[in-house]
Amino acid sequence: MTHAVTARAHTNIALIKYWGKRDAKLILPYTSSVSLTLADLYTDTTVEFDAALAADTFSLNGEVRPAGKISAFLDLVRAQSGTTAHAHVRSLNHVPTAAGLASSASAFAALAMAASSAAGLALSPTDLSRLARRGSGSASRSIFGGLAIWHRGSDDATSFAEPLPATTLPLKMIVVLVDQGRKAISSRQMMTATIATSPYFPAWVEHNEAAAEKMVRALAANDFAQVGALTEASSMQMHAAIMASEPPFTYFEPETLVAWQKVQALRAGGVPAYATMDAGPNVKILTLAPYVDAVVAALAEPFAGRLLTTGPGPAARILKEA
Ligand code: 2P0
């Protein structure tokens with residue numbers, strides 16, 4: 001008898017970034033991070049264990065893919081549950097248009113929830129977050145809706161995300177699609193290179209851990225100017241540490257700076273808008289609901305048709321069991 005479980009998890013964007021692993025096997029980060037889970041970008045994943053299968057199978061948006069990383073993750077679920085069966089895993093990424101924003105955060109959060117449930121485990125949100133972390137660090141945060149903090153912790157048991165209290169700020173995020181292609185260097189590889197070669201890495205760790213604490217306080221105080229300033233600083237400090245690696249590298253493209261400068265001009269004109277970038281050239285603009293139209297208008301040239309406006313999204317959840 002088989003049991004198929006489908007879970008949905010939304011992607012998240014870090015306001016205070018995660019960059020660097022103290023323990024690559026357990027995915028324990030150097031610093032805590034703070035994120036916003038987004039409404040319009042999510043992954044639906046179905047897991048079905050079947051004792052008759054000789055190996056795990058994986059499809060993404062209907063196309064068969066190598067199951068290597070998925071199998072390694074399912075091994076963790078098998079070890080926890082005592083299940084020995086292999087599984088069919090089917091994922092659908094719901095990303096409006098080909099946005100180039102498919103994310104390992106939503107992918108591993110949905111997989112953690114569907115696989116653990118299909119294997120008969122009833123994990124607490126904390127334990128689900130710890131499990132999702134083992135697939136991809138940022139996935140630990142996508143177990144939760146809205147604002148979340150991933151505590152750096154000191155070991156496997158203490159490194160997990162949890163929701164932050166809801167803010168009264170009407171947060172909005174506008175994604176600027178600079179480039180939809182595949183990234184030149186994966187974030188996993190580039191984190192390793194930054195740790196090994198960037199003279200700025202120790203400074204990054206010290207500043208970013210303090211920034212996570214400041215961000216929690218700024219959010220609790222509904223102080224958007226401080227939330228925005230901390231968001232921009234964490235992103236730029238992460239990219240500065242990356243650029244200072246040997247050999248040097250940057251995820252920035254020319255249009256990344258075009259968008260960045262438009263955000264600075266908006267702010268100079270009194271619009272509260274702040275930019276953040278991840279391991280790629282796209283720019284995400286954090287603002288408040290009353291200013292979305294002003295931001296979109298300012299970015300229209302040259303980004304019309306390449307802007308996606310979204311806001312806080314819900315926690316990961318089970319959609320279907322059959
Ligand atoms: C973040 N990023 O906090 C940071 C900021 C990208 C830049 O987490 O190696 O896919 O699987 O733990 O979570 C992207 O890296 O990395 C990421 P792994 P992940 O969102």
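Colleague: How many residues surround the ligand, and which are the closest?

Modeller: In this predicted model, the ligand is surrounded by 14 residues. The closest are A14, Y18, S136, G137 and S138.

Colleague: And by class, what does the shell around the ligand have?

Modeller: The shell has 6 polar, 5 nonpolar and 3 charged residues.

Colleague: Which domains does the shell draw its residues from?

Modeller: At least three residues come from each of domain 1 (3-167 + 313-321) and domain 2 (171-310).

Colleague: Where do the C-alpha centres of domain 1 and domain 2 lie, then, how many Å apart?

Modeller: The two C-alpha centres are 23 Å apart. Domain 1 puts 28 residues into the contact and domain 2 puts in 33 residues.

Colleague: Which elements of domain 1 give two or more residues to the side that touches domain 2?

Modeller: They are β1 (3-16), β4 (33-50) and β8 (147-150). Of the elements on that side, β4 gives the most, with 7 residues.

Colleague: Changing topic. What is the strand order in the open sheet of 4 strands?

Modeller: The order is β11-β12-β10-β13, and the pairing is antiparallel. β11 (273-277) and β13 (307-310) are at the edges with a single partner strand each, so one side of each has no neighbour in the sheet. From one strand to the next, the twist averages 25°.

Colleague: Which helices pack on it?

Modeller: Helix α6 (residues 224-243) packs on the sheet and touches β11 and β12 (283-288). The direction of α6 makes about 25° with that of β11. Helix α8 (residues 292-303) also packs on the sheet, touching β10, β11, β12 and β13, and its direction makes about 5° with that of β10.

Colleague: How many bridges does β10 have to β12, and how many to β13?

Modeller: β10 and β12 run antiparallel and are joined by 6 bridges. Strand β10 (residues 171-176) pairs with β13 over 4 bridges, again in the antiparallel sense. M173 stands opposite T310 in β13, and the bridge partner of M173 in β12 is L286.

Colleague: β11 is an edge strand. Buried or exposed?

Modeller: Buried: 5 of the 5 residues of β11 are, so the strand is largely enclosed by the rest of the structure. Both of its faces are covered, with A273, A275 and M277 buried on one side and Y274 and T276 buried on the other. β12 is mostly covered too, with 5 of its 6 residues buried.

Colleague: Next, T194. Where is its place, and what is it in contact with?

Modeller: T194 is in helix α4 (residues 187-197). T194 counts as buried because 22 other C-beta atoms lie within 10 Å, and the cut-off for buried is 20 or more. Leaving aside neighbours within four places in sequence, T194 is in contact with W19, G20, F201, A241, I242 and S245.

Colleague: Which peptide bonds are cis?

Modeller: One joins E246 and P247, with omega about 0°. P247 lies in the loop between α6 and α7 (254-268). Another runs from E301 to P302, with omega near 10°, and P302 is found in helix α8.

Colleague: Which residues other than glycine have a positive phi?

Modeller: Among them are I27, with phi of about 55°, and N61, with phi near 50°. I27 is in the loop between β2 (21-23) and β3 (28-29), whereas N61 lies in the loop between β5 (57-60) and β6 (63-65).

Colleague: Why mention them?

Modeller: Because most residues other than glycine have a negative phi.

Colleague: I27 and N61: buried or exposed?

Modeller: I27 is buried, with 23 other C-beta atoms within 10 Å. N61 is exposed, with 12 other C-beta atoms within 10 Å.

Key: Residues are numbered from 1 along each chain as its sequence is written. This is a predicted model: local features need pLDDT of at least 70, side-chain atom pairs count only at pLDDT 80 or more; totals for chains, interfaces and linings use all residues. A residue is near a molecule or strand if its C-beta atom, placed from the backbone, lies within 6 Å of it. Ala, Val, Leu, Ile, Met, Phe, Trp, Tyr, Cys and Pro count as nonpolar, Asp, Glu, Lys and Arg as charged, and the others, Gly among them, as polar. Domain bounds come from an automatic or database domain assignment. Two strands pair if DSSP finds at least two bridges between them. Axes are lines fitted to C-alpha atoms, for helices over the stretch in contact, and angles run from 0 to 180 degrees between N-to-C directions. Two residues are in contact if their C-beta atoms, placed from the backbone, lie within 7 Å.
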